[in-house]
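I opened the model to look up its salt bridges, its core and its overall layout. My notes follow in the order in which I checked things.

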Amino acid sequence: RKVTYANFVCTMRPGKTEVYCVRMTVGGYRLEAFQDVCSPAVGIIDTKLHLNSTISDASNGARYCTGDIKDFFLGSTMKVYQYMKIHRRYVPQAIIDEYELTDSHFDAKGYIFMEIQKGMYGLKEASVLAFEQLKDHLEPHGYSPMPFTPGLWRHKTRRTTFTLAVDDFGVKHFSTADANHLFSALKEKYVITIDWPG
């Protein structure tokens, strides 16, 4: 099996609670994907149509809010494990102590090799795995993607619809109870933030 490298990405995100963020990502382009990596995502035109339909239905009580799933890709379970290496200089002492790592765990060049069992940023299949697992989680609650409009979801009995762009939701609802039904279903598995004014 191919082994890739770990890459550290530093970002500044003014709109988030954690403004300064350092993430370990996977050099995914070196790995072979063992499944289709295309994940359905909403397009800009579909998003505009969804917003426009909310405005058109405002006189009938339609409202719009947004939500975000924290660390969406990180919670997905890999179907086929991948592998990466990381140099000893990037492994914090606390990790070395916790896992009782010794020199024998590192190769002659100072690398330790690890198995990736959960989704990580940079993996080609992370997006589709997260999407499929979200679909499986929401299905018992009555939510499913529309067959011919990727990224647009609806409830089978409620009038709630939402667009999904990676981990961001745009929710059209006709009552707070309907919106909370969706958010409660999401909270069973994910950590989410909600912006009621949208």
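I began with Asp178, which at 13% relative accessibility counts as buried (buried is under 20% relative accessible area, exposed over 50%, partly exposed in between, with a 1.4 Å probe and protein chains only). The model is predicted, so local features need pLDDT of at least 70 and side-chain atom pairs pLDDT 80 or more, while totals for chains, interfaces and linings use all residues. Residues are numbered from 1 along each chain as its sequence is written, and side-chain values use heavy atoms, with hydrogens and water left out.

Salt bridges. I took a salt bridge as a side-chain nitrogen of Lys or Arg within 4 Å of a carboxyl oxygen of Asp or Glu. By this rule I count six.

Asp178 pairs with Arg158, with the closest N and O atoms 2.6 Å apart. Asp178 is in helix 4 and Arg158 in the loop between strand 7 (152-155) and strand 8, 20 residues apart. Helices (H or I, at least four residues) and strands (E, at least two) are DSSP runs numbered from the N terminus. Arg158 is partly exposed at 29%.

I then looked up Lys79 and Glu132, whose side chains meet at 3.2 Å, N to O. Lys79 lies in strand 4 and Glu132 in helix 3, so the pair ties together parts 53 residues apart in sequence. Lys79 is exposed at 59%, whereas Glu132 is partly exposed at 27%.

Lys70 and Glu18 form a salt bridge at 3.7 Å, N to O. This pair is 52 residues apart and links two loops, one between strand 3 and strand 4, the other between strand 1 (4-12) and strand 2. Shared partners join Glu18, Lys70 and Asp71 into one network.

Core. I define a nonpolar core as buried Ala, Val, Leu, Ile, Met, Phe, Trp, Tyr and Cys residues joined through side-chain atoms within 4.5 Å. The largest has 37 residues, and Leu134, Trp153 and Phe169 are among those with the most contacts inside it. Helix 3 gives the largest share, six residues.

Which residues does Leu134 contact, leaving aside neighbours within four places in sequence? With contact meaning heavy atoms within 4.5 Å, I found Ile69, Phe72, Trp153, Leu164, Phe169, Leu186 and Tyr190.

Layout. The protein chain has four helices and 10 strands. Its C-alpha trace spans about 70 × 35 × 30 Å along its principal axes. Of its 198 residues, 37% are buried.
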